[in-house]
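Trainee: Could you take me closely through a single part of this model, the open sheet and what packs on it?

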Amino acid sequence: MAGILKKLSIKESLSARLLLFTICFVLIAEVLIYVPSIANFRENWIEQKIAEANIAILVLEAAPDYIVSRMLTDELLISTENYSIMRRFDDGMDPQVLRAMEPYNVSARFDIRNVPWTESVRDAFETLIFMNRENYLMEVTGNASGEYGGEIVVVFDEILLCHDMLIYSRNIVLLTIVISLFTAMLVYYSLSNLLVRPVQKITDNMIAFRHAPEDLTKKFIPEDREDEIGLVMQELARMQDDVRKALNQKDHLAKLGGAISNINHDLRNMLSSAQLVSDHLSTIDDPVVQQLAPRFVKAIDRAIRLCENTLQYGGSEVEELNVKTFNLHNLVDDVTTSLGLYENENIKLQNNIATEQKIKADNDQLFRVLMNICRNAVQAIGETGNITINGIVENSQITVDISDDALGIPEKIKENLFQPFKTGSRGGTGLGLAISKEIITAHGGTLDLLKSDASGTTFRIILPLNN
Ligand SMILES: Nc1ncnc2c1ncn2[C@@H]1O[C@H](COP(=O)(O)OP(=O)(O)OP(=O)(O)O)[C@@H](O)[C@H]1O
Ligand SMILES: [Mg+2]
């Protein structure tokens with residue numbers, strides 16, 4: 001059992017997949033955060049540069065004619081890491097300039113005032129993608145500080161910006177890895193505790209139960225939790241209890257059925273011997289014997305029928321059908337004869353089945369069915385009455401209606417009419433209709449009570465003709 005679960009590879013295991021998914025989702029979230037944040041970093045970096053330039057250019061304010069020495073200019077440019085700083089005024093005054101001695105070429109010009117964010121993102125990625133551009137000088141224009149207003153223009157090497165952006169990106173990547181691993185571990189731990197482990201416990205138990213449902217040592221003990229998993233556990237425990245009980249009951253019933261079957265078998269043999277004796281008894285010419293013998297014979301007949309019916313119903317193996325084609329009209333006549341109705345003036349059985357009506361079925365079994373339904377009718381009629389058997393052929397099936405004009409089936413019996421051992425009366429076993437229904441169903445047909453009231457009862461058999 002444990003082997004089956006162990007067979008789940010890392011790729012298939014729920015916990016491993018959850019771990020991978022969590023890492024992926026955190027990474028995606030971090031990328032979404034990184035894009036605007038790198039653009040923001042670049043903007044801040046440039047604004048910082050402009051702020052430094054604003055301070056550096058203030059030196060010129062204090063100098064006579066706004067001119068400082070070459071040495072101070074170089075020092076200011078080196079310390080602010082710029083090639084040039086220039087301040088332009090709005091009112092047409094001459095610009096103030098700090099400029100490197102050696103000549104340089106500006107490669108790109110930007111104005112950081114009012115840049116849309118899409119452009120800002122694009123510029124940031126351009127800087128990162130072309131990070132190895134040599135001597136790529138950027139000229140950036142921003143607002144000048146101070147009371148005179150105007151703008152400030154700085155020229156610097158892009159590599160400085162690129163370098164700082166790379167450090168920032170590396171930090172973000174490291175942070176992302178740490179956060180995603182940490183989150184994934186937390187999610188993994190909580191999910192495996194809340195979900196995976198209990199599901200595994202349920203699965204283990206279900207497999208164990210399937211292998212040995214009667215083993216009480218493998219009884220599932222639900223955890224004390226209120227959530228959906230707790231509900232599943234409680235239901236599983238309840239279901240296992242029910243199934244176990246049902247299996248036990250079935251097992252006991254099967255054993256009991258086997259024992260009854262054996263007893264019945266022996267009993268039937270004993271009764272057969274008793275029947276032989278009873279047949280002899282009825283020939284003895286003694287008035288007392290003549291009076292008692294018929295009751296004795298009847299009792300033995302009933303006992304034999306009970307044995308046979310119980311044996312047939314309790315037989316675990318379904319009896320094979322011995323199917324052959326025969327005349328149905330004649331079969332009904334046989335039933336009439338067996339019930340002694342030919343000699344009976346008071347109970348009439350009218351056989352309305354077509355005289356040439358053939359059917360392909362098990363002769364003996366069908367005889368049993370008709371015999372039982374007709375005997376029930378005879379018993380219900382009592383003194384005088386009529387039984388009618390009609391047969392209508394339609395769509396390669398025959399509908400046989402067996403009607404009598406007795407007082408109908410009592411309501412209480414009707415409820416369980418086809419249930420075994422529930423309806424027996426007048427010395428019957430209550431198995432006749434249950435067995436009849438089984439036989440007809442085995443033939444692919446149906447047996448139902450069509451109607452039963454004070455004017456009489458009609459049973460309907462529908463059978464495929466199979467000719
Ligand atoms: N035509 C009928 N009219 C009135 N009651 C009927 C009729 N057919 C059946 N019943 C009632 O239904 C009950 C069940 O019939 P069923 O044939 O299943 O058992 P049974 O005749 O009592 O016993 P068994 O047939 O096993 O000897 C009968 O006991 C009887 O009370
Ligand atoms: Mg009967």
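**The open sheet**

Mentor: Four bridges connect strand β1 (residues 84-88) to β2, and the two run antiparallel; strands here are DSSP runs of E with at least two residues, helices are runs of H or I with at least four residues, and both are numbered from the N terminus, while two strands count as paired if DSSP finds at least two bridges between them. This is a predicted model, in which local features need pLDDT of at least 70 and side-chain atom pairs count only at pLDDT 80 or more, whereas totals for chains, interfaces and linings use all residues. Residues are numbered from 1 along each chain as its sequence is written, and chains are lettered from A and ligands numbered from 1 in the order in which they are written.

The open sheet as a whole has five strands in the order β2-β1-β5-β4-β3, with mixed pairing. Because β2 (96-99) and β3 (106-111) stand at the edges with a single partner strand each, one side of each is left without a neighbour in the sheet. From one strand to the next the twist averages 15°.

Helix α2 (residues 14-62) packs on this sheet, touching β1, β2, β4 (137-143) and β5 (151-157), and its direction makes about 110° with that of β5; contact means C-beta atoms, placed from the backbone, within 7 Å, and axes are lines fitted to C-alpha atoms, for helices over the stretch in contact, with angles running from 0 to 180 degrees between N-to-C directions.

Methods: Contact = placed C-beta atoms within 7 Å.
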